[in-house]
Amino acid sequence: MLPATTSRRRLLRLVGATGVAGVAGCAGGSGGSSGPELVATLGADVKNYDPTLANDTTSRKLIGLVYEPLLSVDFEGQVRPRLATDAERLDDRTWRLSLREGVTFHDGSDFTAADVVATFDRYEGTPRESDVFLWYDDATVVDEHTLDVSLSDQYAPFETSLGGVPIVPEAAAAGDIDLSERPVGTGPYAFETHEPDRLFRLTRSDDHWYDGSGEAPATPPIETLTFRIIVEGSSQVAALRAGDVDLANNPPADSISDLRDDDEITVTERLAGGFEMLVFPLDSDPFSNREVRRGIARLIPREEILDSVFAGVGRPAYAPISPLLDDYSSESFQAEMREKYQGYDPERARELLADGFDALGISPPYETSIVTNETPERVRWAQLVRDELDATDFFDVTLDQFEWNTYTSRVLAGDSHRSDSMMALGWTGGWDPDTFLRNLFYSGQATPACCNAAHYADDDVDRLLDEALATYDAAERRALYEDAQRRIAADAPVAFVRFSKRLDAHRSERVEGFRTYPLDTGEFTAIYAPWADAYTTVGGG
């Protein structure tokens, strides 16, 4: 095959994926095969099967069993080969990818380098565009199973970023396959059926490339995966206890203690990449004043929130990068941020608030609100923050609760920074520190472009994030990200609240080998991930 080159020279800003709410509905029924079946819950419905259009967490975690990327990150944060057997950096802007041979898509077509180029190209102009075009310049096909990828600039997280780009057939780019109607990948499971608001079902693919040379068996032990859409967490737990489902995804924190006491249930957990925060509208007084923001950050009762709202599940947060990436968020660094800027200290908070109000010439109490969605845990921690603020006599705070779509429209609106309301938000990063910072604190990511709802802008933070993204030396990256976090914690455009944990619960006698993946989008990875030496069996499997 002659070398072929495609060129894209636009470096785009990173955009964030927001979750979507599903419609309640408990589904029944079993798969059509007689082989082993796992029945699991989903808290929302699958919205789209096309990786370039799937902008919600639920869709991405399900299609992750159908499609495969070139590389993936395992349970411990190590990059592992998938459809690529090797990634070699030829120079600061060029990578050579060696592809796995003998791989076929679910439609029977062979996997080649042309599919990779077509996959990259088709991201342009889609909701997930920056998954590729943040770093992609062009690609040259060397042969059917080798290609060279040129970057638009030096890009340190290239390998981890490949893990977020599922490979699709070249025919999808040509319009011969509509992936929004039926997903076609190379993964261990193929699409069977989707009954909206009821269930989503996958069946084992008999032609998966893995040959059994590792710790996992050559074929997935579970033949059918049935996911029932059950929105209410309490209903998920009830279905699990009744034996109607084998696995409940992310059960409510207040149910964990009882589930752990139940011998028929096993709870698995991992420190995750998510955190909760209180975002300030920086163009509105008194939140324009840094002393006021620091004062509010000193009033967040993180330990009480952790214990009374989340039943002790998680960790207090004092900086943006999750301890999941411990090289960038060590216990000592979190302690430094707690002591200097964000730790609970009502006495110091009142001093800061008094200084800030005096500087602005504002007489307390200032009437404001906290905007939140209807997630019970988020409402409860927002109530505790409200009570702390009201107790200072500097504020008179109310809670404004909205259903999901109204909530996201409000907090991600282009004028959110000019509101008189604070915002209770959550964020989930990934395996690279940039995913915890750029979308939220880079000036170019201000809403509505992305997710910097505070419209925080600091030239030094922008510079540090740009330098870190283009720096391949790990020690230099760590120093740059620590400097950026220090500046952000000191400026307090947000008050950090809690780092989350990923939780799953399953029937002890039915499910064996399941492990919790730290990131939401990879929740069901352990069902069958031979590249990570992980697989799950069910009774009779």
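Proline 365 has its place in the loop between helix H11 (346-360) and strand S15 (366-373), where helices (H or I, at least four residues) and strands (E, at least two) are DSSP runs, numbered from the N terminus. The peptide bond that leads from proline 364 to proline 365 is cis, with omega near 5°. A cis bond also joins aspartate 285 to proline 286, again with omega near 5°, and proline 286 is found in the loop between strand S13 (265-279) and helix H8 (290-297). Most residues other than glycine have a negative phi, and most peptide bonds are trans.

This is a predicted model, in which local features need pLDDT of at least 70 and side-chain atom pairs count only at pLDDT 80 or more, while totals for chains, interfaces and linings use all residues. Residues are numbered from 1 along each chain as its sequence is written, and side-chain values use heavy atoms, with hydrogens and water left out.

Two alanines carry a positive phi. Alanine 311, with phi near 50°, sits in the loop between helix H9 (302-308) and strand S14 (315-316), and its relative accessible area of 43% makes it partly exposed; buried means under 20% relative accessible area, exposed over 50%, and partly exposed in between (1.4 Å probe, protein chains only). Alanine 492 has a positive phi of about 55° and is buried, with a relative accessible area of 1%; its place is in the loop between H16 and strand S18 (494-507).

Helix H16 (residues 474-491) packs against helix H10 (residues 331-342) at an angle of about 25°, with the axes 10 Å apart; axes are lines fitted to C-alpha atoms, for helices over the stretch in contact, and angles run from 0 to 180 degrees between N-to-C directions. H10 is therefore roughly parallel to H16, as angles under 35 degrees count as roughly parallel, over 145 as roughly antiparallel, 65 to 115 as roughly perpendicular and the rest as oblique. On the H10 side the contact (heavy atoms within 4.5 Å) includes Phe333 and Tyr341, and on the H16 side it includes Arg486 and Ala489.

Threonine 146 lies in strand S8 (residues 146-151) and counts as buried at 13% relative accessibility. Leaving aside neighbours within four places in sequence, threonine 146 is in contact with Arg96, Leu97, Ala113 and Val141.
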